[in-house]
Amino acid sequence: MDIGHLHFLVAEADPSQRLTLVELLGSLGASQVTEVPDGHTALRCFQDSFTPTVNVAIIDLALPGMDGLELIRQLAAMNCRARLIVVGSQPSNLMFSVETMAQAYGFELLGAISKPVSAARLQALLDNYVPPRLASSQAKGPSFTFSDVGIGMQAGQFEPFFQPKIELETGQVKGLEAFARWRHPEHGMLGPGSFIDALEQNNRIDFLDWSMIEKSVKACRRFHDQGVPISISINLAPETLAHPAFMQQISACVGRHRVMPDYITFEMPESSVLTTDPSFLERLVRLRMAGYGLAIDDYGTGRSNLQLLARIPFSELKIDRSFVDGASKKRALGTVLSSCLGLARSLDRMSVAVGVETKQDWDFLQGLGCTYAQGYHIASPMEADAFPGWLEDWRLFF
């Protein structure tokens with residue numbers, strides 16, 4: 001990547017190490033570098049009167065006056081949009097915690113480096129640089145009332161898009177996850193961010209769930225008729241499952257479309273599944289007894305009770321993307337991911353890694369023995385009609 005147009009700030013206390021960083025940046029193609037010896041001077045470089053705007057700040061944790069941690073906190077309070085690289089003499093596991101802290105403050109972090117800094121390591125982090133999005137592109141899409149959403153549903157404008165789930169060991173397509181999309185007549189294709197709030201605020205997320213269940217099961221039948229006996233995963237809110245007539249309605253749905261229950265998996269978030277409520281546990285058991293799969297979604301984002309997890313009749317553990325993205329490069333993240341996969345294996349369950357963005361992620365997961373993967377490295381969610389063609393291309397590729 002050409003970094004000649006970027007303005008770098010190097011905030012490093014030690015003069016020789018500061019010079020080394022400046023020279024490394026120069027060797028990589030940087031032409032605009034400001035260097036400062038302490039935190040207070042660094043902070044002034046982010047004030048409105050300072051030009052040109054800092055694009056990338058390399059911050060040493062051991063800055064005098066205001067250390068790196070405080071500087072990051074102060075910059076967050078200023079809504080600083082610069083990309084950060086943190087350097088320090090601390091061990092890698094502690095540097096990883098600093099990364100986590102900076103991300104919690106809202107920074108898009110390029111990474112952290114334990115000293116000494118090498119050109120190769122610095123280059124690898126700079127390769128992650130993506131320019132900040134313009135404010136106009138960050139503007140929220142159109143917002144809709146509950147009535148607007150209801151009219152769209154009645155008009156049949158909501159449909160599932162499908163993202164493939166791949167078996168890592170063989171490369172075979174083993175399933176599809178359904179994602180809700182609104183084909184709006186004026187605004188085009190809209191994602192859940194445009195309609196989920198209106199449904200949740202009115203406690204009618206079940207409207208969306210049933211629309212997706214009906215259309216996904218129908219698509220499943222169509223795929224089977226085309227000679228592709230694929231399984232489909234459908235997101236299910238706990239409120240929808242809690243409805244007294246749920247089991248009768250889902251049985252009628254799969255019967256109507258002649259789909260066996262074991263081709264349908266329901267995905268529910270970890271926070272809602274790990275409960276001691278006996279009536280809800282009964283519903284989960286009934287789902288599994290009827291042959292449906294049950295996936296625990298977003299695993300790792302809640303506070304799991306492992307004893308309770310072992311008692312839930314789930315068939316798949318879906319590991320949240322926050323543990324997958326970058327795990328191949330960050331030892332601490334890789335350790336957590338490996339632990340999640342080991343847990344799934346020990347409970348004799350399938351594991352699904354969500355958010356696989358690169359071939360490096362794919363190879364790393366394959367090495368760890370993960371069962372399935374899904375993410376943009378494989379495919380974006382697609383409409384049902386596009387799937388058979390995509391599948392043909394994928395099979396040629398593998």
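## Pocket exercises

The largest pocket in this predicted model holds about 970 Å³ of space.

**Exercise 1.** State how many residues line the largest pocket, which of them are closest to its centre, and which element gives the most to the lining.

Solution.
1. The lining is made up of 35 residues.
2. Closest to the centre are Glu-99, Gln-103, Leu-109, Gly-326 and Lys-330.
3. At least two lining residues come from each of helix H4 (92-104), strand S5 (109-114), helix H5 (119-126), helix H15 (321-324) and helix H16 (331-346).
4. H4 contributes the most, seven residues.

**Exercise 2.** Divide the lining of the largest pocket into nonpolar, polar and charged residues.

Solution.
1. The nonpolar residues number 14.
2. Ten residues are polar and eleven are charged.

**Exercise 3.** For the second largest pocket, give the volume, the residues nearest the centre and the elements behind the lining.

Solution.
1. The space in the second largest pocket is about 720 Å³.
2. Its lining has 31 residues, and Glu-177, Phe-179, Pro-192, Asn-235 and Asp-297 lie nearest the centre.
3. Two or more lining residues come from each of these strands: S7 (173-184), S9 (231-235), S10 (264-269) and S11 (293-299).
4. The helices that give two or more are H8 (196-201), H9 (205-225) and H10 (238-242).
5. S7 gives the most, with five residues.

**Exercise 4.** Sort the lining of the second largest pocket by class.

Solution.
1. The nonpolar class has 17 residues.
2. Three residues are polar, and eleven are charged.

Key
Residues numbered from 1 in each chain as written. Predicted model: local features only at pLDDT ≥ 70, side-chain atom pairs only at ≥ 80, totals over all residues. Heavy atoms only, no water. 1 Å grid on protein atoms, 1.4 Å probe; cavity = no way out; pocket = protein on both sides within 12 Å on 5 of 7 lines; lining within 4 Å. Points joined across faces, edges and corners; volume = space filled by probe spheres on them. Helix = DSSP H or I, 4+ residues; strand = E, 2+ residues; numbered from the N terminus. Nonpolar A, V, L, I, M, F, W, Y, C, P; charged D, E, K, R; others polar.
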